[in-house]
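Me: Here is a model I would like to go through term by term. Please set each value against its definition.

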Amino acid sequence: MTIPRCSWANPANPRYLDYHDHEWGTPCHDENRLFEMLNLEGAQAGLSWETVLNKRDTYRAAFDDWDPEKIARYDEAKVAELLANPGIVRNKLKVAAAISNAKAYLALRAEGQTLDSYLWAYVNGKPIVGDWSDGTRPSKTALSDRLSKDLSKRGFKFVGSTIIYAYMQGIGMVDDHAPHCFRYAGTK
């Protein structure tokens, strides 16, 4: 028996199916994972999410398990090491963005906020359940526009509205599972 899933979930990739079935659209409040996903969504810009997801374990090792305090201190030698690592997306701007994001994240924490409290305040602590019964999902929304602008103002990089909408889906601030999908939370 085939489990009905969103059409984007590649049935030939067990890692992708696991991501679809257990992470995408599921509310996340774990600081480390929120920071990781923000950076991975930025790394995905111009690529497929599946490409980055397949490299996630290598990213974790390369970026010190997404420890923002360590990443904020990366020097030229560490950047050169990252840019030579074939297990990540070797893009100078995306690597620099992760360092900037670590610094911006630490500044957010210095204000007494967590990434969790900051992000989830945008949806009053509850996920938005999309109802795209016509089969189309937006690539960005007015909410992702606002969040994107504020993140950018705070010094975060690779946080355009389209990236942020995908991020919101990935961390469960938005649940956009298709109506035929077994994970669909909307009314049937």
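Me: Leaving aside neighbours within four places in sequence, which residues is D150 in contact with?
Reply: D150 is in contact with Y118 and Y122. Contact means heavy atoms within 4.5 Å. This is a predicted model, where local features need pLDDT of at least 70 and side-chain atom pairs count only at pLDDT 80 or more, while totals for chains, interfaces and linings use all residues. Residues are numbered from 1 along each chain as its sequence is written, and side-chain values use heavy atoms, with hydrogens and water left out.

Me: Why is D150 called buried?
Reply: Buried means under 20% relative accessible area, exposed over 50%, and partly exposed in between (1.4 Å probe, protein chains only). D150 has 15% relative accessibility, so D150 counts as buried.

Me: Where is D150 placed, and what does helix 9 pack against with its buried residues?
Reply: D150 lies in helix 9. Helices (H or I, at least four residues) and strands (E, at least two) are DSSP runs, numbered from the N terminus. L143, S144, L147, S148 and L151 are buried in helix 9 too, along with D150. The buried residues pack against helix 8 (115-120), strand 1 (128-129) and helix 10 (161-170).

Me: What span is expected for helix 9, and what does it reach?
Reply: The expected span is 1.5 Å times one less than the number of residues. Helix 9 (residues 142-153) has twelve residues, for which 16 Å is expected. From first C-alpha to last it reaches 17 Å, close to that value. Just after helix 9, G155 takes a positive phi of about 100°.

Me: How many helices and strands does the protein chain have, and what makes it as compact as a globular protein of that length?
Reply: The protein chain has ten helices and two strands. The radius of gyration is taken over C-alpha atoms, and the globule rule is 2.2 Å times the number of residues to the power 0.38. For 188 residues the rule gives 16 Å; the chain has 17 Å, close to it, so the chain is as compact as a globular protein of that length. Buried residues make up 48% of the 188.

Me: Among contacts between residues at least 6 apart in sequence, how many join residues at least 24 apart?
Reply: In the protein chain, 67% of those contacts do.
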